Every structure is written in structure tokens, then in C-alpha cells.
Amino acid sequence: MTQNNQNSRGIPTAYGPVSGLDTNSRNIKVFKGIPYAKPPVGNLRWRPPEPPNSWTKTLTTSKFGMPCWQPHSENAFVWSRGVFERSEDCLYLNIWSDLSASGPKPVMVWFHGGGHTSGWGHGEIFDGTKLAELGVVLVSINYRLGPWGFLAHPLLAGESDQNSSGNYGLLDKIAALKWVQENIENFGGDSQNVTIFGQSAGSMSVCALMASPLAKGLFHKAIGQSAACLNQFDQDSNGFERGIDLIERTTAKTLKELRALSNEQLSEATMASSKWNNHSKITIDGWVLPEPPLKTFLEGQQAEIPLLVGSMANEGHLLFPLNENLTKSQLENYLNRNYGQQFNDEFKHLYKTDLDQSPGLAQREIYTDHFMAYSMRLWAQLNTQKKQPTFLYFMQHVPPAFQIYLAENPELNLPDGPRSAGAYHSGDLAFVFNNVGNIGLDWNQKDYELASAISRYWTNFAKSGDPNGAQLAYWPTYDTMNHNTLVLDNPVISINGIRKEKLDLIAKATTDN
């Protein structure tokens, strides 16, 4: 289709034609707010997403869809989002593509983070123009969050043909991937070369979709940034306990009353329920996830695809709680409970620098290493055992900290300067999307150079399953003996394992306990 025809008639989709907008890049078009499912409201609340209604007139996609319902947040470090409009009618996706280039091009589908309780996929930091310039079609989506996206409850399971409830946010992602399979070729994309990638909760979703039978064949490569899904799910695995606790804080007793609850009532209930807030939002529902993903991966039953995963050097900073009043004996109890008394002295030795500052800091750093660096290494290890190309990274470069969702008011004014937060959780986002300089403050030349490298690694991987390319430091595949890891810093280097003694101890203690 010629550019003029595209402008006049729109691009066809299975549901109706859409027209895009020019970006600040000469060849890249953006399509904002394309519906990929019906609004999940009324009787469709807490149900699997249904295909969108069709339309006949060309849909001008000039405005992003609303963020899904979530709490406002104004004092949350780099993750502050301020006060904004939100809606249950939020199942929309966005596309960046060079329609003038010959295709088909690899497709990258982005899942945003936010603990499965907050965030959206269309913030300025996620602008896909720069990645599209590197020869991919970039898709970002919004998906249901919090209780709207992940409430599991016996009443909901009882009405389900699959006896399943919860994981609606994962079902949204599956629906978006099905939409991509149906329609992306009309936007210059290759439906047989789709890479899913995400950060934090988005990365947990990538991991979960690799284990879900419902997502089989919908994507062909995966990138996970700063979170996996390989926990044990040995407590309240189906989510009923926390779902019942949440709903008991409302007036609802029946399905009809559940669906009549206002968004404000649901939001207030989530804030009042410690059981809801203290657990993973993903559940083992018997349908989307028939079993804990760790079991699926250990048995080698996950998707057989190339994988690129990694984490940041200072993930726990202001992300995980720091108990400044923790005593040494309480730390020992924590270690005994989680790893076994026989490993107590080894942990205290390896984390001595943190322990010398406070037992609370040592606890947080052990938890952070387990949840982040170790789980990403384990994810890489289990994928390598499937004989799939696997690449592990660790970002040590310290970016400036800024409010990543507030493009017009990014400044944080940290007492010790913008780079005093270390390589913090989410500090990789502007680099991956090569939007350094387009959002945030206090960038320098090293930031620009690293962003250029990271975005090329990511897009090279999406194209071929191998991140390597011209003028990039060589990234060896991961292997379970050397734990080959690309350190994203200045310069970029490859080493045999980061924090190896600590992660080896966590692995040993976790296996033995």
C-alpha cells in the first residue's frame, strides 16, 4: 500500500481501518490507542477479554488509550505518576513502524512494569520511535491491573467454564498477541518473528507467558528485565485467600454485587488488605497457568525460544523495604527460616559489608540478590538446558534518577545528586528505548553511548535471536558453568558471572533447604 493510499483509506485490520500520525522521525508512523479487545466493563469485568467490536469508518489513532484503573501515586521515587485520568476501558495498543521500508520487519511487543498494580505502556519513556528506526515494529499495550486484572475468587471461578479466576491481565497480553498475529503484517511486521519484552511486572509476565499453554506459538523470542516468575507459589497459590480478604472489605456478596462495585470501592479495599498487598498478583489458576512456572521450567516444558534476561546493580534501592530496626538475632532467624541454619555464617560472611552498616541492610540486599540477580540467572540456566540461545546481562552503569512517568516534571532533587541512587530499578528503561535525552535530566555522553548500544543489542536480538552486531562489544551466550554475563557499563564488558559467590550460595541454600 502506498503512503498516499494509507493516509486516505487507512490501514486495514480485522476489525476496521486505522490511520496513523507522523512522528518527529521522517519515516516512522505511530498508531495510538487501537482497541485490541472489548472494554472489560459491566458484565465483562473479571472475564477473559473478547475481540473488539468492528468499525467501518477509518479510525484516526491520534490519542493513546486511558491508563487502566490504579491508585494515584505522588511520592514514589522514580515511579511517581501524579494524578491522572484512568478507566476500566483501557485495552488498547500502540504501534510504531516505518511503513516506507520493505518488510516484513521483526515485531517487539512491550509489557510495562508496575507490580501488576500500576503503570501504562504509552509514557514518553516508552516512545517507540527510536526502536522503529532500528528496523523493528514496536507495539506497546495497556493491560488490566490490580484487582481489575488479577482478582481471584471462588465466585469468579465458579462461573468460569475453566473453573479459573485471576490472571486477567495475562489474558489481556495473550489477546494483544493474538491481535498482533492477525494484523501486524499490515503495519509492516512479521507475525512469525515476534519478541515479547518487559520490565519488572512486565518481565514476570514474559516469564509466565513462556510457561502458559494459552500463549504457545504467539511469540518467538523473549526479553526479561528485572524480575522472573520462578518463585515457589507454595502459599495461597490460587489467590483465593487474598481475593476473599479483599472482597470482604467491600459490601459485595454475589457476582452481581461484585460487578456493581465502584472503582473507588475496589481501590479502597486493595489499600486496606495486607493479604492482597503482600503477595504476587499472578496466581496458579489451572488454566492460564496450570502449575507454578518454576515446575514447568524445571521439567523443560516452557516455550522453546531464544531468551535475553538480566537485572540492575541496585534493584532494591527504595523498591524493597529497609527495616532499620532489625536486630542481628532477627536477621539470623530470617536466614534460618529461608535458607537453613547451616548457611547462616556463609551469608553473614559474604554480606559482611552490608551487615556492618545494619542487619536490615544485609537482609534487604540478600532478598534483592535472591529476587533479582539469582532469579534472572536461574531463568537463563533453565532456558539454556532447553538448548536455546540465552543471554544474561547485568547493568552497573549509574543513570540519573528522575520521575520516569512525569515527562513535564521529571526532577527528583535527591540530596546527594541525581546519580546517588545507583543503578536503580527501572534505570534501564530510557536506555532500552534509546530515549536518553528525550525524557529526564542530567544525561551525559556516556549515557547516550550506552543507550545506543543497548537499543541495538535488543533490536538485534529481536531480528535474529542473537544480540551481537557491528561496533558492539561481543556478548557470549550464557552457559551454566561460567555464567557468562554482559556487564552494561562504560565500557561494556563480558565476565564470568556477577556476584558469583553470593548467587552460588543462594542457589545451594535454596536447593538444600
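Author: The radius of gyration is taken over C-alpha atoms, and the rule for a globule is 2.2 Å times the number of residues to the power 0.38. The model shown is a predicted one.

Reader: What makes the chain agree with a compact globule?

Author: For 513 residues the rule gives a radius of gyration near 24 Å; the chain has 22 Å, so the value agrees with a compact globule. Along the principal axes, the C-alpha atoms fill a box of roughly 70 × 60 × 45 Å. The chain has 18 helices and 13 strands.

Reader: How many of the residues count as buried?

Author: Buried means under 20% relative accessible area. Of the 513 residues, 60% count as buried. The chain exposes about 20,700 Å², and carbon and sulfur atoms supply 47% of that area. As for contacts with a separation of 6 or more, 75% are between residues 24 or more positions apart.

Reader: Why is helix 6 called largely enclosed?

Author: Helix 6 spans 201-211. Of its 11 residues, 11 are buried, so helix 6 is largely enclosed by the rest of the structure. Among the buried residues are Ala201, Met204, Cys207 and Met210.

Reader: What can be said of Ser226 by the cut-off for burial?

Author: Ser226 has 0% relative accessibility and therefore counts as buried. Ser226 is found in the loop between strand 9 (221-225) and helix 7 (240-248). Ser226 is not a glycine, yet its phi is positive, at about 70°.

Reader: Why is Val41 called partly exposed?

Author: Partly exposed covers the range between the buried cut-off, under 20%, and the exposed cut-off, over 50%. Val41 has 36% relative accessibility, so it counts as partly exposed. Val41 is found in the loop between strand 3 and strand 4 (59-60). Leaving aside residues up to four places away in sequence, Val41 touches Glu88 and Asp89.

Reader: Where is the cis peptide bond, and what is its omega?

Author: The cis peptide bond joins Asn490 and Pro491, with omega at about 0°. Pro491 lies in the loop between strand 12 (484-488) and strand 13 (493-496).

Reader: How do you know that empty space is left inside a structure like this?

Author: Rolling a probe the size of a water molecule over the atoms shows where empty space is left. Where the probe fits but cannot get out, the space is called a cavity. The structure holds 3 cavities of 30 Å³ or more.

Reader: What lines the largest cavity?

Author: The largest cavity has about 60 Å³ of space. Its lining has 13 residues, with Ala373, Arg377, Leu392, Tyr393 and Ile498 nearest the centre. Strand 10 (307-312), helix 15 (359-384) and strand 11 (390-395) each supply at least two lining residues. By class, the lining of the largest cavity has 7 nonpolar, 5 polar and 1 charged.

Reader: Which residues line the second largest cavity?

Author: Pro40, Cys68, Trp69, Glu88, Cys90, Arg144, Leu145 and Trp148 line the second largest cavity, which has about 40 Å³ of space. The lining of this cavity divides into 6 nonpolar, no polar and 2 charged residues. Glu88 is also one of the residues that Val41 touches.

Reader: What makes up the second largest pocket?

Author: A pocket is an open set of points, whereas the probe cannot get out of a cavity. The second largest pocket has about 780 Å³ of space and a lining of 32 residues, with Phe64, His122, Gly123, Glu124 and Ala407 nearest its centre. Strand 3 (28-35), strand 5 (92-98) and helix 2 (129-133) each supply at least two lining residues. Helix 2 gives the most to this lining, with 3 residues. By class, the lining of the second largest pocket has 13 nonpolar, 8 polar and 11 charged residues.

Key: Residues are numbered from 1 along each chain as its sequence is written. This is a predicted model: local features need pLDDT of at least 70, side-chain atom pairs count only at pLDDT 80 or more; totals for chains, interfaces and linings use all residues. Side-chain values use heavy atoms; hydrogens and water are left out. On a 1 Å grid over the protein atoms alone, a cavity is a set of points where a 1.4 Å probe fits but cannot get out, and a pocket is an open set with protein on both sides within 12 Å along at least five of seven lines; lining residues have an atom within 4 Å of a point. Grid points are joined across faces, edges and corners, and a volume is the space filled by probe spheres set on the points. Helices (H or I, at least four residues) and strands (E, at least two) are DSSP runs, numbered from the N terminus. Ala, Val, Leu, Ile, Met, Phe, Trp, Tyr, Cys and Pro count as nonpolar, Asp, Glu, Lys and Arg as charged, and the others, Gly among them, as polar. Buried means under 20% relative accessible area, exposed over 50%, partly exposed in between (1.4 Å probe, protein chains only). Contact means heavy atoms within 4.5 Å. Accessible areas come from the Shrake-Rupley method with a 1.4 Å probe; for residues, only the protein chains shown count as cover.
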